[in-house]
Amino acid sequence: MTDDLSLFDFTLPRDHIATEPARPRDMAQLLHVVPPALAGTDDATLSLHRIRNLPELLKEGDLLVANDTEVIRAKMEARRGDAKIGITLDRILPEGQWHALARNARKLRPGDRLHFEDDPVTADVRTNEGDGAVTLRFSVEGDEFDDFLERRAALALPPYIARPNGPTEADNSDYRTIFSRFRGAVAAPTAGLHFTEELLEALAARGIQKQTLTLHVGAGTFLPVRSTIAEHKMHAEWGHIDEETARLINETRANGGRVVAVGTTSLRLLESAADEQGIVHPWTGETSIFIRPGYRFRAVDALLTNFHLPRSTLFMLVCAFAGTETMRHAYHHAIAEGLRFYSYGDACLLERAP
């Protein structure tokens, strides 16, 4: 596995960063990427479509696996005495505690109590891990905690989606996928944002099944690698694959169909749950799997994903999946063609390199 971070760097013009989604969602552009070994050519084959053309690019018997997590309002302002503390929830921990990223975290000590303006809800600091990571225990749980987030928190939109006055009312629906079911994610599984009811009906008519799993996407998912690749530490995220989903995935592959992951979050959980023979097992727990070139894929045959940040673990993942040179070429082509990047942007359908 390479530790050369420059291989995963590229220059993206700022006007290529999407700040609004395509409308309707399935009109986003879709770059189909076929690696040279599959295309039978010296270079990767690249073809441009729309998301609504996805049924034509897949095959009868294929299985789409999407992430059914639902984004919560996770960003809030707290006070410890006169000090302002910015809090972004990351993931829920056992016994109801929350792992969070805190601005001005160096001021926090175990036992400190945080207040949220005149709200009766408080949070106690349990640990300070350094590097802005803390563990909090809120004074309420369940429905009361959900109500608190509705009152005091906002969507933790990625910093590249410019919102000087905070998330808009449109963001509350735009940043939610059609698969959303179980609350707990801080960031949206963005490949799922492209789907509409009409697209799902067209896929079903083509003989393409769909199934869901759950991975609660954390705040650290989209962070660039700031040290070296070898030293980078992935943030853990909680996921679940039930018996029915595992059974359908294994049946699909046994019958010659392909497993198509909708997004890198679905792919990471599927690979976490697969054994050496590629059998996916029911799975519940946290994963911090770091997929980069050199990784041998076991469970996923194709990947639908958005365009990712330079020097990010997600760009490394797609390079591992389709080949580093293939993806560098594909991203250069996408920029030249004016495709839109990141969460609200366009997408690519990647065939897995042998």
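User: In this predicted model, is the crossing of H7 past H8 left-handed or right-handed?

Analyst: Look at how helix H7 passes helix H8. H7 contributes Thr 264, Leu 267 and Arg 268 to the contact, and H8 contributes Leu 314, Leu 317 and Phe 321. By class, this contact has 4 nonpolar, 1 polar and 1 charged residues. The crossing of H7 past H8 is left-handed.

User: Are H7 and H8 roughly parallel or roughly perpendicular to each other?

Analyst: Helix H7 covers residues 264-273 and helix H8 covers residues 313-322. Their axes come within 11 Å and cross at roughly 65 degrees. Angles of 65 to 115 degrees count as roughly perpendicular. H7 and H8 are therefore roughly perpendicular.

User: Which strands stand at the edges of the open sheet of 9 strands?

Analyst: The order in this sheet is E2-E1-E17-E16-E14-E3-E12-E13-E15, and the pairing is mixed. An edge strand here has a single partner strand, so one of its sides is left without a neighbour in the sheet. The edges are strands E2 (45-50) and E15 (283-287).

User: Which residue of E13 is the bridge partner of Thr 214?

Analyst: Strand E12 spans residues 209-215, and strand E13 spans residues 237-241. The two pair in the antiparallel sense over 2 bridges. In E13, the partner of Thr 214 is His 240.

User: What angle does the direction of helix H6 make with that of E12?

Analyst: Helix H6 (residues 243-254) packs on the sheet. H6 touches E3, E12, E13 and E14. Its direction makes an angle with that of E12 of about 135 degrees.

User: And what angle does the direction of helix H9 make with that of E1?

Analyst: Helix H9 (residues 324-336) also packs on the sheet. H9 touches E1, E2, E16 and E17. The angle between the directions of H9 and E1 is about 150 degrees.

User: Which peptide bond is cis, with omega near -5 degrees?

Analyst: Most peptide bonds are trans. Look in the segment before E1, where Pro 24 is found. The cis bond runs from Arg 23 to Pro 24.

User: Is Glu 117 buried or exposed?

Analyst: Glu 117 is found in the loop between E8 and E9. Its phi is near 55 degrees, a positive value in a residue other than glycine. Its relative accessibility is 59%, and exposed means over 50%. So Glu 117 counts as exposed.

User: What is the relative accessible area of Asp 131?

Analyst: Asp 131 is found in the loop between E9 and E10. Its phi is positive, about 55 degrees, although Asp 131 is not a glycine. Asp 131 is exposed, with a relative accessible area of 86%.

How values were computed: Residues numbered from 1 in each chain as written. Predicted model: local features only at pLDDT ≥ 70, side-chain atom pairs only at ≥ 80, totals over all residues. Heavy atoms only, no water. Axes fitted to C-alpha atoms, helices over the stretch in contact; angles between N-to-C directions. Helix = DSSP H or I, 4+ residues; strand = E, 2+ residues; numbered from the N terminus. Parallel < 35°, antiparallel > 145°, perpendicular 65-115°, else oblique. Left-handed = near helix turned anticlockwise from the far one by under 90°. Contact = heavy atoms within 4.5 Å. Nonpolar A, V, L, I, M, F, W, Y, C, P; charged D, E, K, R; others polar. Pairing = 2+ DSSP bridges. Buried < 20%, exposed > 50% of the residue type's maximum accessible area, 1.4 Å probe, protein only.
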